[in-house]
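Here is a briefing on one protein model. It takes strands and helices first, then surface, charges and backbone.

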Amino acid sequence: MLTAVLLFLPLAAALLLLLTKGATARALALGASLIEFGLAVYTAFAFKNSGAAGFDLNYSWIPSAGINFHLGLDGLSLLLVLLTTFLVPLILLSAFKRDFDNPTAFYALVLFMQTGLLGVFTSLDAFLFYFFWEVALIPIYFLAGAWGGERRVAITLKFFLYTVVGSLLMLAGFVYLYLQTGPAAGSLAAHSSELSAFYSLKLSAAEQSWLFWLIFAAFAVKMPIFPFHTWQPDTYTDAPAPATMLLSGIMLKMGIYGTMRWLLPVVPLGVSQWQKPVIILSVIGIIYGAIIAIRQRDVKRLIAYSSLSHVGLMAAGVFSLTATGLQGTVVQMLAHGVNVVGMFFIADAIERRTGTRYIPDLGGLTRRTPVLSVCFLVMLLSTVALPLTGGFVGEFLLLAGVYQYNAWVGAVAGLTIIFSAVYLLRMFQRVMLGPDSAFSETITDLTGSELLVLVPLIALVFWIGLFPNSFLHLAEPAVASILEVVARGR
C-alpha cells in the first residue's frame, strides 16, 4: 500500500492543483512534493528494516491477458525514487523565480511527470513499465513545447519523435517477449508480462541479438548516447530551466535504469554480442560531448554537452558487466542528477540577472556575487569529479569497472575527467573571474530562496562524496541479483 501511495500522491496533487490559481498553486505543488519526499524517506527507513517484501504490490490489471499492476522496490529502484522525490521540490522551488503563463498547468504537469517517473522506477510488469514510460514523456513534451524558447515547436517535435519511435520499438520487443512466455502460476491467461517471466525465458542467441536493439533503442535515446543524442542539446538549451532540470536530472536516468533492469537480464546473449559496439559508442560520446562542450559559448548548451559526455561514461560502466561498473553507475546517477540540476539552476540564475547566457558577454561577476561564486564552484568541482565530492566516487568506480573490461578503453574513458576540467574551469574563469563586463557592478548575489535550492544540493554532493557506502550498500543486493541473472543467461 505504501508503494501505491508513493506513486499516486503526486497525481492526486496534480489534479487538485487544477482547481487553484497563482500563489496557491505554487504553494500546493511545493507542499505536495515535500510530503512526497518525506514519504520516500520514511519508505527508505521501512525498507531498511523490513526488506523488499513489504513493498510488493501486485493486482491483476487485465486478467485475460496476464497483465498485472505490479509494483515493487529494491535498493536500485529505491535510490532513484529518493533522487526523484528529492529533486522535484527543488525544481519546483527554482521555478518560483520565473513568471510562467498559466502557472497552474505548469506545476500540475511537473507533478504528473513525477508520477510517470516513479512508475517507471517501480514497475515489475512490462506493459505497466511501458505505460509509465509514456506517461513520463507527455508532460515534458508540453513543458518544453509550451514554455520553451523561440524554436520550441520544432525542437520539441524532434525530441518527441525520437522518443516515440524508440518507445514503439521497445513495445514491439516486449510484445515478442510476452508471446514467448507461458501462463503465470494461478493465471488463466496464456502468457505473462511479468518481469520475472521475461527473466526465465530461454531465447536463442539470434533472437536476443535483434531483440537487444528493439529494447535498447528506447533506452539509448532517453539517456542519450552517441549517435542517438541529436535531440538533446537543442532540447536542453531551449526548454525552460525547470524542464531542463527534469530532463537531465531525472528523466535520462530512466534509460540507464531501464538498461539495467529490462535489458541486461532479459537478453544477456544479445548483450554479450553487442557489448563491445555499445561501449565503443559510449566512449565516442564521452570524447565527442567533451570536445563540443569546449567549443560552446552558451552556458546552458555547454552544460548540455557536458551531460552527454558524462552519460557516455555511465553507459560504458553498465555494459562493462562488472559489479564495480554497475555500482559506479548507481552512484553516478545520483551524483549526476544533483550536479546537473545545480549547474542548470546556476546558469538560469545568471541569465535572470544579466539577460544572457553568452559567455563572451559575461565576466567579472564574482566581485559582487561571492555566495553565487562559491556555490557555482562547488557544483562545478563535483562535476569535474574532485575527491570528497559525489562526482568523484561515481566516476572512480565507473572507470575501474570499464578498466576491468578493457584497460585501453578505460584509459580513453578516463579522458572525461581531463576534458571536463578544461571546459568547466575555462567557463568559470570567463564568466566569474574574467575581465569586467557590463554586469560586473550591477549583478546581485543569490537570494534566500535560491539558497534553499542550492544548499540541499551541495549537502548531498558532500554526503555522497564522504559517505558513499550509505548508497552502495543499499544498491549492492540489486546489482548482484542483476549480474547473477545475466551470468545464468549467458
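Strand S1 (residues 57-62) pairs with strand S2 (residues 67-71) in the antiparallel sense, over five bridges. This is a predicted model, in which local features need pLDDT of at least 70, side-chain atom pairs count only at pLDDT 80 or more, and totals for chains, interfaces and linings use all residues. Residues are numbered from 1 along each chain as its sequence is written, and side-chain values use heavy atoms, with hydrogens and water left out.

**Strands and hairpin**

- Strands (E, at least two residues) and helices (H or I, at least four) are DSSP runs, numbered from the N terminus.
- Two strands count as paired if DSSP finds at least two bridges between them.
- S1 and S2 make a hairpin, with four residues between them.
- Gly66 sits in the turn and has a positive phi of about 75°.
- Asn58 has His70 in S2 as its bridge partner.
- In a regular strand, side chains alternate between the two faces of the sheet.

- Helix H2 (residues 22-50) has 29 residues and reaches 42 Å from its first C-alpha to its last.
- That span is close to the 42 Å expected at 1.5 Å a residue; the expected span is 1.5 Å times one less than the number of residues.
- Buried residues of H2 include Leu30, Glu36, Leu39 and Phe47. Buried means under 20% relative accessible area, exposed over 50%, and partly exposed in between (1.4 Å probe, protein chains only).
- Helix H14 (residues 370-384) has 15 residues and reaches 21 Å from first C-alpha to last, close to the 21 Å expected.
- Buried positions in H14 include Leu372, Cys375, Phe376, Met379 and Leu380.
- The buried residues of H14 pack against helices H12 (299-319), H13 (323-354), H15 (390-405), H17 (415-433) and H18 (448-466). Contact here means heavy atoms within 4.5 Å.

**Nonpolar surface patch**

- Leu388, Phe462, Trp463, Leu466 and Phe467 form a nonpolar patch on the surface, with about 520 Å² of accessible area together.
- Patches are made of residues with over 30% relative accessible area and no salt bridge; like charges are joined within 9 Å, and nonpolar side chains (Val, Leu, Ile, Met, Phe, Trp, Tyr) within 5 Å.
- Accessible areas come from the Shrake-Rupley method with a 1.4 Å probe; for residues, only the protein chains shown count as cover.
- Phe467 lies in the loop between H18 and helix H19 (469-489). Phe467 is exposed, at 52% relative accessible area.
- Leu388 lies in the loop between H14 and H15. Leu388 is exposed, at 52% relative accessibility.

**Salt bridges**

- The structure holds 11 salt bridges. Each is a side-chain nitrogen of Lys or Arg within 4 Å of a carboxyl oxygen of Asp or Glu.
- Asp348 bridges to Arg352, with the closest N and O atoms 3.1 Å apart. The two are four residues apart in helix H13, so about one helical turn separates them.
- Asp348 is buried, at 5% relative accessibility, whereas Arg352 is partly exposed, at 23%.
- Arg357 and Glu351 meet in a salt bridge of 3.3 Å, N to O. Arg357 is buried, at 18% relative accessible area; Glu351 is partly exposed, at 22%.
- Asp436 bridges to Arg367, with the closest N and O atoms 2.8 Å apart. Asp436 lies in the loop between H17 and H18 and Arg367 in the loop between H13 and H14, so the pair ties together parts 69 residues apart in sequence.
- Asp436 is partly exposed, at 47% relative accessibility.

**Backbone exceptions**

- Most residues other than glycine have a negative phi, and most peptide bonds are trans.
- Met223 and Pro224 are joined by a cis peptide bond, with omega about -10°. Pro224 lies in the loop between helix H8 (205-222) and helix H9 (232-238).
- The peptide bond from Phe226 to Pro227 is also cis, with omega near 0°. Pro227 lies in the loop between H8 and H9.
- Asn102 is not a glycine, yet has a positive phi of about 55°. Asn102 is placed in the loop between helix H3 (75-95) and helix H4 (103-122).
- Leu388, a residue other than glycine, has a positive phi near 80°.
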